[in-house]
Amino acid sequence: MRNLFILSFLLLSFFGNSQETLQELLKTHNKESIPYISVKELAMPKTDAILLDARELKEYNVSHIPNSTYVGYDDFDLDTVVKTLPDTTSTIVVYCSVGIRSEDIAEQLKKKGYTNVYNLFGGIFEWKNNNFPVYNSEEKETEQVHAYSKDWSKWLLKGIKIYE
């Protein structure tokens, strides 16, 4: 009976503290050391930015934001990015699924001296949720989006969720 009580308490605590909005989720997981840019602002024609995808390669291959460059997360190599992007004043937007991993990568860029680095609020999920196009590894538009995991997929409201 005691174990049942403890289990019930833990489940209620977990669900009682679950995130209700994307903003609350990001506030919980991020330091907000990197300014956000919204998907709508990024999609505006006047926004000229270099897009870096901070997800894993399997996620990028399923779908990515047009004109983005894969830099990864687990295998992110700052030296390679520095060689590719020597202008530290370039406007750079880093994204991942929702905006948590991308903050880590953006922080590394900022520490290396990049001055105009932004984190895409809501990541590729929010991009797709706002009906902006995503492309697969063959650079063809797709409805598929790698949903990262069943837990995180609740933030992806549009498109076809892929988990492999």
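**Charged and aromatic contacts, side chain by side chain**

Let's start at Lys31, which counts as exposed at 62% relative accessibility. Here exposed means over 50% relative accessible area, buried means under 20%, and partly exposed is in between (1.4 Å probe, protein chains only). You are looking at a predicted model, in which local features need pLDDT of at least 70 and side-chain atom pairs count only at pLDDT 80 or more, while totals for chains, interfaces and linings use all residues. Residues are numbered from 1 along each chain as its sequence is written, and side-chain values use heavy atoms, with hydrogens and water left out.

What does the side chain of Lys31 meet in a salt bridge? The partner is Glu107, at 3.3 Å from N to O. Lys31 sits in the loop between α2 (22–29) and β1 (36–37) and Glu107 in helix α6 (residues 101–111), so this pair ties together parts that lie 76 residues apart in sequence. Helices (H or I, at least four residues) and strands (E, at least two) are DSSP runs, numbered from the N terminus.

Arg101 lies in α6 and Glu59 in helix α4 (residues 57–62), so the pair ties together parts 42 residues apart in sequence. Both Arg101 and Glu59 are buried. Then there is the salt bridge between Lys27 and Glu32, at 3.5 Å from N to O. Lys27 is exposed at 52% relative accessible area, and Glu32 is partly exposed at 37%.

Now for the rings. Searching the whole structure turns up three aromatic pairs. One is Tyr36 with Phe121, an edge-to-face pair with 5.2 Å centre to centre and 85 degrees between the planes. This pair links distant parts of the chain, as Tyr36 is in strand β1 and Phe121 in the loop between β5 (116–120) and α7 (123–129), 85 residues apart. Tyr36 is partly exposed at 25%, and Phe121 is partly exposed at 24%. Trp127 and Phe132 form a tilted pair, 4.7 Å centre to centre with 40 degrees between the planes. Trp127 is buried at 7% relative accessible area. Rings of Phe, Tyr and Trp (its six-membered ring) pair if their centres lie within 6.5 Å; planes under 30 degrees apart count as stacked, over 60 as edge-to-face and the rest as tilted.

Finally, Lys150 lies over the face of Tyr163, 4.0 Å from the ring centre. A charge sits over a ring if NZ of Lys or CZ of Arg is within 6 Å of the ring centre and within 35 degrees of the ring normal.

How values were computed
A salt bridge is a side-chain nitrogen of Lys or Arg within 4 Å of a carboxyl oxygen of Asp or Glu.
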